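User: Could you walk me through reading strands, interfaces and domains in a model like this one? I would like the general idea each time, and then the case at hand.

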Amino acid sequence: MKKDFDILVVGAGPAGIAAAIAAAENGLRVGVVDDSPSPGGQIWRRGTQPPTAARRWNDRFEAAAVVRMMGWRVIDCLRLTPEGGILRAECNTPGVQPADLHFRHLILATGARERFLPFPGWTLPNVMGAGGLDAMVRGGLPIEGKRVVIAGTGPLLLAVAAQLTAHGASVVAICEQASLAQMAPLALALLRQPGKLLQGAKYRWATRKTPFFTRCWPAAALAEPNPGPGSENEPQPRLQAVTLHREGKQWTVACDYLACGFHLVPNTELASLLGSRIQDGFVVTDQQMRTSIPAVWCAGEPTGIGGVDASLLEGRIAGLSAAGKTEAARALSKRRPGMQAFARALERACRLDPRLRELADDQTIVCRCEDVRMAALRGRSGWRDAKLHTRCGMGPCQGRVCGGAAEFLFGWSAGHAHPPLYPARVSSLMEEAEEEAMAASSSHPAIEPE
Amino acid sequence: MTGNHDVIVIGAGIVGAACARACAARGLQTLVVDAAGVGGGATAAGMGHIVAMDDSPAQLALTRRSQQLWSAIAAELPTEVEFERRGTLWVAADEEEMQEVLRKQTVYAAAGLETEVLDARSLAEAEPNLRPGLAGALRVPSDAVLYPPAAASFLLRQAMDLDAKLLAPQRVVAAANGQVSLDDGSRLYARRIVNACGAEATRFLPELPIRKRRGHLLITDRYPGFVHHQLVELGYLKSAHSVAADSTAFNVQPRQTGQILIGSSREFDAEDSTINHALLGAMLRRAESYLPGIGRLRAIRVWTGFRAATPDKLPLIGPWPEDASLCLATGHEGLGITTSLATGELVAAEIAGVRPEIAAEPYLPARFGDGIRTDSESMLFGEAAYD
Ligand SMILES: Cc1cc2nc3c(=O)[nH]c(=O)nc-3n(C[C@H](O)[C@H](O)[C@H](O)COP(=O)(O)OP(=O)(O)OC[C@H]3O[C@@H](n4cnc5c(N)ncnc54)[C@H](O)[C@@H]3O)c2cc1C
Ligand SMILES: Cc1cc2nc3c(=O)[nH]c(=O)nc-3n(C[C@H](O)[C@H](O)[C@H](O)COP(=O)(O)OP(=O)(O)OC[C@H]3O[C@@H](n4cnc5c(N)ncnc54)[C@H](O)[C@@H]3O)c2cc1C
C-alpha cells in the first residue's frame, strides 16, 4: 500500500497532534502514524478522564483533516532526499500488508520511554515501569487493594501514585532518588507555570497518606520463597517485598507491585536511522525544530524532556515551519526559552545519584532479552564492544531497555540505529518501494481524512 | 610496547587474531594493533559458517585445512563461541543441480571429505520447512557454525597467553620497511609486519588487488528448529552472475540461540554501510522461494559488512613482493572466518621460515606480478563467490 503526504508526522502524542493540526490547518495533506491503537501519546492515551486541555487538543485532532494511521509502526526508511522520502510502516494487525508512506516533509514526534535501572530482583514479575503499570491499570488491570511501591525519580512518580490511588491501590511508599535540595530549582521553575504547580499539588494531595522519601531507592526486590517442584500453577517466583535504601539505612516493605521509573530516555532511533544529528542523547534542532537533515523536523521529547507543554509548543512550531509558515513558527519559538529552562531544571532534578550505579551486583541481569549479567559487562570498552562480546542489547528490544541503563552505568552511548526499528515480519522487508509520481501530490493538496 | 617485535599484526579481526596466535605459538614476539577493538570489522558482520568450498583446488585445500584446524580446537572453544557442527545442505532445485551435487561429492571425496547425497524425500525429512519439489541436496556433515567475534576473542586470548600483546584502539597510518606509524605520531618496529586489515588493507597499500564487496544479513528472533542445517542453494552456479552485477543467493543459518540468519547478497562499489533495500528485498524473496514460511518470522536486525574480494577469489597470504618486511593476510572475501586458521598457519610458517602444512603458492601475492595494478578495468573479478 502506498500513501502520499505533504507532511508526515510520526507519533500521535502531544507533539505529534499539535504538529499535525498546525500543518493541516494550513491546507496541507497531513498523515499521522502511531503504533498505539489511539492517539494521545504517553500522557493522554487511555485516560478515562483526560484533562480539559487534553480533551481540547483531542477534539481538534479529531476534527482536523488528517489521515490517521493508528496501530501502525514505522519500521524502516526506504529513501530520504532533500525533496522528501519514504518510510515503511507495519500494521499491528496481522495479515495487513505493510504501507509505504511517501512524504515531502517529515516531523518526528516519537516521544520518550522510561529508563530502567538494574538492581537485584528487578526482573521479577510485578516489578515494572511506573508508566507501564499506570497504562496497564488504565487498561483494566485490577489494582484495588494491591500494595504498590513506586520508586525512581521525577514528577512522573507522583502522577502515577495519584492515578493508582484513584483506582483503589494502596501505595505504600513513594521513593524519589533525588534530594530535596536537588529538586528545589524545579519547584522554582514551576512557579512560572502555575498550571503544572497546581497539578503537582493535586497529585501530592491525592497521595497525602503515602510516605514520600527523598534520596531513597530500591536496594532489592524480594521474591516469595520458590514454591518448589510440584506447584505447577506458579513456576515463577513472585514479588513479595522490596528492600528500600535511604541514607545508609535499609528496611523492607511488603508489596504486590514495584513500579519504577528513573526518568525518561528519548526515542531517537528513527532520527538516528535517518542520520540526523544527535547530541548528548537528544536530537539537535534549530529554533524552527528543523533537524540537521533537510525535510526532517523533530518535536517533543526527542529534543529534550520538557513535559507536555513544551511538546505541544514544539509540535506547533514544527507543524507551522514544515508547512512553510516560517513567520508564525518564528513568533511561537520566542516562547521556547522559558520551556527550555523548565526542561533544564527537570533534568537537574532528575539527575541520577551515582550511588545508583552500585545497585546491581555481579549476578544482576542487565539485558533481559539475552540474560546478560552485570559481571559480563564490566571491563568492556563500549556499547558496541559489549554487544559483540556479551550479546547485550542484541535481543528483540535492540537495547531499548538495557541501553538506557548501560548509558548511566558505564557512560556508553548507543550506536547507530539499524532497521527494522522494531521487530518486523521478514515479509515486511521483502517488497521494494512503489515508485510513483510523488510530484503529483505536492501542488494540489487533496484532503481525505480516514 | 614501543620496542622491537618479531611481528606486528595490524588488525584484530579473526584473521589477525589467528595470525597472532600462530606466530606466538612459534615463539615469535608478537604485537597486535587494531584501530577499534577485537573482532569488530567484517568479523562482526559475517555469518560464521565454517565451510569446505571447492571453487578451485586451492580454495578446497585452504578451507579443508582450516576445517581440520577448527576441529582440532573445537573441544577447547568456550561456550560463547557457539561452535556447532550443524553440517551444510547444498540444496539442488532440479535434476541439473543434482548433477552438480554428484560432481561436488566426487571432488570432496578426493579431498578426504565425507558427504552424503540426499534425495528429494530425505531432504524434505531433514528440513521440513523447505518448499516441496526440490530435487535433493549434498550434506557435508563436517561443516560448522560459530559466532565470529567470540572466536576472534578466543584466538587472541590464546595468543596473549603465549605472550602476544594487544594495542587498541590505535590506528595504523603507514606500514613499510619494518616500521609501523600510528596516528598518534608514534612508531613501532618489527622484523615482519602482517597486514590483516581485511577490506581496509588497501588504506595503506592502495595497489593491492582488493575491492570491497558489500553483503547484507538479517537476523530473526528465536525460532528453534525452523531449520537444522546451514542451507545453501546450488543455483548460483547456473545463474553465472556477470562481473559487475549485484547478486543474491539463498543462504540460511540456524544459530545456537534459535535465531535464523538470512543471507546473502553481493555488490561492488558500495562504500557505506547503508541498506540497499532493493537488494535486501531480492535476497529475502530468494530465501522465501526456498523457505516459504520465512516471511512470517520476525526480523530483529539487518546489517551490512564488507568482504575483501580479489580477482581470482583466493586470498592474499604471504610476502608482499615490493617490501620484504610486509606480509599480507587479507583478501578472504566470504570465507575469512573459515580460512583464518590456515591463514595463520601459513603466515607463521612464512615468518618462521619453515615449510607449511599446505602449499603456499596459490595464495602468494606475487601471483599477480610485481607491479600490481588495481584500476577496475584491469581487475577481472569472477562471478559471485560463496559467503
Ligand atoms: C505515565 C506518564 C505520566 C506523565 N505525566 C505527565 C504530567 O503529569 N505532566 C507532564 O507535563 N508530563 C507528563 N508526562 C510526560 C509526557 O507524557 C510527555 O511530556 C509527553 O507525552 C511528550 O509528548 P510527545 O508527543 O513528545 O511523546 P509521546 O507522548 O511519548 O508520543 C510519542 C508517540 O510516538 C509513537 N511512536 C514512537 N516511535 C514510533 C514509530 N517508529 N512508529 C509509530 N509510532 C511511534 C509512540 O507510540 C507514542 O505514541 C508523563 C509521562 C508518562 C509516561
Ligand atoms: C555478509 C557477510 C557474510 C560472511 N559470511 C561468512 C561465512 O559464513 N563464513 C566465512 O568463513 N566468512 C564469511 N564472511 C567473510 C568474513 O567475515 C571475512 O572474510 C573475515 O571476517 C575477514 O576477517 P579479517 O580479520 O580479515 O577482517 P576484519 O574482521 O575486517 O578485521 C580487520 C581489522 O583490522 C582493523 N583495521 C583496519 N584498518 C586498520 C588500521 N589502519 N589500523 C589498525 N587496525 C585497522 C579493523 O579495526 C578490524 O578489526 C562473510 C562476510 C560478510 C560481509
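User: Let me start with one residue: in strand 14 of chain A, which residue is the bridge partner of A:Arg246?

Analyst: Some ground rules before the answer. This is a predicted model, where local features need pLDDT of at least 70 and side-chain atom pairs count only at pLDDT 80 or more, while totals for chains, interfaces and linings use all residues. Residues are numbered from 1 along each chain as its sequence is written, chains are lettered from A and ligands numbered from 1 in the order in which they are written, and side-chain values use heavy atoms, with hydrogens and water left out.

Now the general idea: strands of a sheet pair through backbone hydrogen bonds, either parallel or antiparallel. Strands here are DSSP runs of E with at least two residues, helices are runs of H or I with at least four, and both are numbered from the N terminus. Two strands count as paired if DSSP finds at least two bridges between them. In this case, the partner of A:Arg246 is A:Lys249 in strand 14 of chain A. Strand 13 (residues 239-246) and strand 14 (residues 249-254) of chain A are antiparallel, with six bridges. They make a hairpin with two residues between them, and A:Glu247 in the turn has a positive phi of about 50 degrees.

User: How many strands does the open sheet with mixed pairing have, and in what order?

Analyst: It has nine, in the order 22(A)-16(B)-12(B)-15(B)-14(B)-13(B)-4(B)-6(B)-5(B). Strand 22 of chain A and strand 5 (116-119) of chain B are at the edges with a single partner strand each, so one side of each has no neighbour in the sheet.

User: How many residues does each chain bring to the contact between chain B and chain A?

Analyst: Contact means heavy atoms within 4.5 Å. Chain B brings 35 residues and chain A brings 28. Buried area is the accessible area (1.4 Å probe) that two parts lose on being put together, summed over both; for these chains it is about 2500 Å², 51% of it on carbon and sulfur atoms.

User: How many salt bridges does the rule find across that interface?

Analyst: A salt bridge needs a side-chain nitrogen of Lys or Arg within 4 Å of a carboxyl oxygen of Asp or Glu. Three are found between chain B and chain A. A:Glu370 forms a salt bridge with B:Arg222, with 2.7 Å between the closest N and O atoms.

User: Which domains does the assignment give for chain B?

Analyst: Domain bounds come from an automatic or database domain assignment. For chain B it gives domain 1 (4-47 + 148-209 + 312-368) and domain 2 (85-142 + 211-309), whose C-alpha centres lie 29 Å apart. In contact are 14 residues of domain 1 and 20 residues of domain 2 of chain B. The two domains bury about 1100 Å² between them, 56% of it on carbon and sulfur atoms. On the domain 1 side, B:Met47, B:Ala199 and B:Glu333 lose the most area, together 62% of what that side buries. The side chain of B:Glu333 also meets that of B:Arg266 in a salt bridge (2.6 Å, N to O).
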